[in-house]
Amino acid sequence: MTSWSDTGVGARSGWGAHKLLVGLILLGWAFALAQLLTLDAPGSLAGAGPGMQIFAHMKAHVFGDPFAFESALSFCVTGTGAWGVADVLKSAAMWLGMVLAMMLPVLLPLGPNTSRHPRPSNATPAGLAGYIVAWLPFCAFGVAAQWALQREGLLSAHHVLQHDVLSVSILLFVALTHLSGLATRRKRWSRTTASGQSYRAGLSYGAHCLRRCGPLMIVMFVTGLMNLVAMLALTLLMVGTTSRYSRFLSIAIGASALAGSAVLGVT
């Protein structure tokens, strides 16, 4: 018997879902770039976190002004702790955009799916919707954490965490989850779940990725919420955790986080 995925309709549906997946990823990165370019903050983009000096140099070289494009047309929340409804919505949009940009690439068929936690194949719009919904609680957490930190004056104008104890705590949490094996714990996957073709399957796989990658997403507070370099690096790491080298990579992530916390603790 010919399966749905073997039919012409199924093939067109799968291609449509693939285009939707790529489109959402590009939307997430475009929104992150728009936030960065319109950020109304004193100082150059070099203050947005490690690696962002390259953006400041590019703007200075191309436009002759390292502060070019920084304006009050902000997609970001206000620089104070006095948030309004618009600021809550802006923060929610930022975190959702980060999920689209950083977590949806995990679903791309970039190579043989050899992880002990196989990603869904032939994802559908329903599966994508379930996957994104699974990350909404994390977005709510991100909004609440950002508001609390900004209210206490612990975020810089470029949205970088300015509290060494909290930064060390975040890195230690990442080290604990990865070195203990919590981030790579085995889970049984049914054929239906692995196919990723239903809303429920996408929701289940999204919850799995939330447990595994959520701690790494929180690292954005340490590196800077506007740090596109860190976003790209963390995205590559999270995609790598779906490969056959997931356990080795998880140990490397944990060791790096532990080393980073030690350096911050000493300095």
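Is leucine 36 buried or exposed, and what is its relative accessible area? Leucine 36 is buried, at a relative accessible area of 0%. Here buried means under 20% relative accessible area, exposed means over 50%, and partly exposed lies in between, with a 1.4 Å probe and protein chains only.

The model is predicted, so local features need pLDDT of at least 70 and side-chain atom pairs count only at pLDDT 80 or more, while totals for chains, interfaces and linings use all residues. Residues are numbered from 1 along each chain as its sequence is written, and side-chain values use heavy atoms, with hydrogens and water left out.

**The chain as a whole**

The chain has 11 helices and zero strands. Helices (H or I, at least four residues) and strands (E, at least two) are DSSP runs, numbered from the N terminus. Of the 267 residues in the chain, 46% are buried. A contact means heavy atoms within 4.5 Å. Among contacts with a separation of 6 or more, 79% are between residues 24 or more positions apart. The chain exposes about 13,000 Å², and carbon and sulfur atoms supply 69% of that area. Accessible areas come from the Shrake-Rupley method with a 1.4 Å probe; for residues, only the protein chains shown count as cover.

| Residue | Relative accessible area |
|---|---|
| Leucine 36 | 0% |
| Histidine 159 | 3% |
| Threonine 235 | 5% |
| Leucine 264 | 24% |

Leucine 36 is in helix H1. Not counting residues up to four places away in sequence, leucine 36 touches Leu45, Met52, Phe55, Met226 and Leu228.

Leucine 264 is in helix H11 (residues 246-266) and is partly exposed. Leaving aside neighbours within four places in sequence, leucine 264 is in contact with Ser167, Val168 and Leu171. Leucine 264 and leucine 171 are 93 residues apart in sequence, and their C-alpha atoms are 9.6 Å apart in space.

Threonine 235 is buried and belongs to helix H10 (residues 228-240). Its side chain reaches the backbone oxygen of methionine 231 at 2.6 Å. Threonine 235 also touches Trp29, Ala101, Met102 and Pro105, not counting residues up to four places away in sequence.

Histidine 159 sits in the loop between helix H5 (136-151) and helix H6 (164-179), and counts as buried. Most residues other than glycine have a negative phi. Histidine 159 is not a glycine, yet has a positive phi of about 65°.

**Cavities**

Rolling a probe the size of a water molecule over the atoms shows where empty space is left. On a 1 Å grid over the protein atoms alone, a cavity is a set of points where a 1.4 Å probe fits but cannot get out, and lining residues have an atom within 4 Å of a point. Grid points are joined across faces, edges and corners, and a volume is the space filled by probe spheres set on the points.

A search of the whole structure finds two cavities of 30 Å³ or more. The largest cavity has a volume of about 60 Å³. Helix H1 (8-37) and helix H3 (85-102) are the elements that give two or more residues to its lining. The lining includes Phe31, Gln35, Met94, Leu225 and Met231. By class, the lining has eight nonpolar, three polar and no charged residues. Ala, Val, Leu, Ile, Met, Phe, Trp, Tyr, Cys and Pro count as nonpolar, Asp, Glu, Lys and Arg as charged, and the others, Gly among them, as polar.

Methods:
1 Å grid on protein atoms, 1.4 Å probe; cavity = no way out; pocket = protein on both sides within 12 Å on 5 of 7 lines; lining within 4 Å. Polar contact = N/O pair within 3.5 Å; in protein donor to acceptor, adjacent residues only side chain to side chain.
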